[in-house]
Amino acid sequence: NGTITDQLSGLMWTKNANLPLGRMNQYDAIKFVANLNAKKYCSYNNWRLPEVNELKSLVDYGKTDPVLPDSYPFLQISSGIYWSSEPNIQVPAYSGCVDMKNSRVDYYNKNHHQLYVWAVRDPGHTED
């Protein structure tokens, strides 16, 4: 149905790991996810950008390019950097990100960097 539920974390991810089919700054990524909610993508309206640890929970540290297990069921995994929802506390203009090529966590400028977007939702949390 366009979603994959991670049995370990219980999180539901979009099956397509690159729905916008490209990269965008974080402000546009937030708008993109809001649009998924407005359209009730796959019948849900509580999609969001993942936290850094949620993205890292998908990583197989024995793999590279992409860093997901061999049997991952996702489509359109980009060998690149994905936005998280976590701002850098010391420099709020930057946000945490995870590189699906090498599992590196870093911070990038929310406005100036164009990164990939992957939406997630917590099935236990509903929104009207």
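Reply:

**The strands and their pairing**

A hairpin of six residues leads from strand 3 to strand 4, where strands are DSSP runs of E with at least two residues, numbered from the N terminus. The model is a predicted one, in which local features need pLDDT of at least 70, side-chain atom pairs count only at pLDDT 80 or more, and totals for chains, interfaces and linings use all residues. Residues are numbered from 1 along each chain as its sequence is written, and side-chain values use heavy atoms, with hydrogens and water left out.

Strand 3 covers residues 81–87 and strand 4 covers residues 94–99, and the two are paired in the antiparallel sense over four bridges; two strands are said to pair if DSSP finds at least two bridges between them. Within this pairing, Pro87 has Ser95 of strand 4 standing opposite.

Turning to another group of strands, there is an open sheet made of three strands, arranged in the order 1-2-6 and paired in the antiparallel sense. Its edge strands are strand 1, residues 3–5, and strand 6, residues 120–121, each of which pairs on one side only. Strand 2, which spans residues 12–14, runs antiparallel to strand 1 and is joined to strand 1 by three bridges. As one of the contacts between these two strands, Thr3 has Thr14 in strand 2 as its bridge partner.
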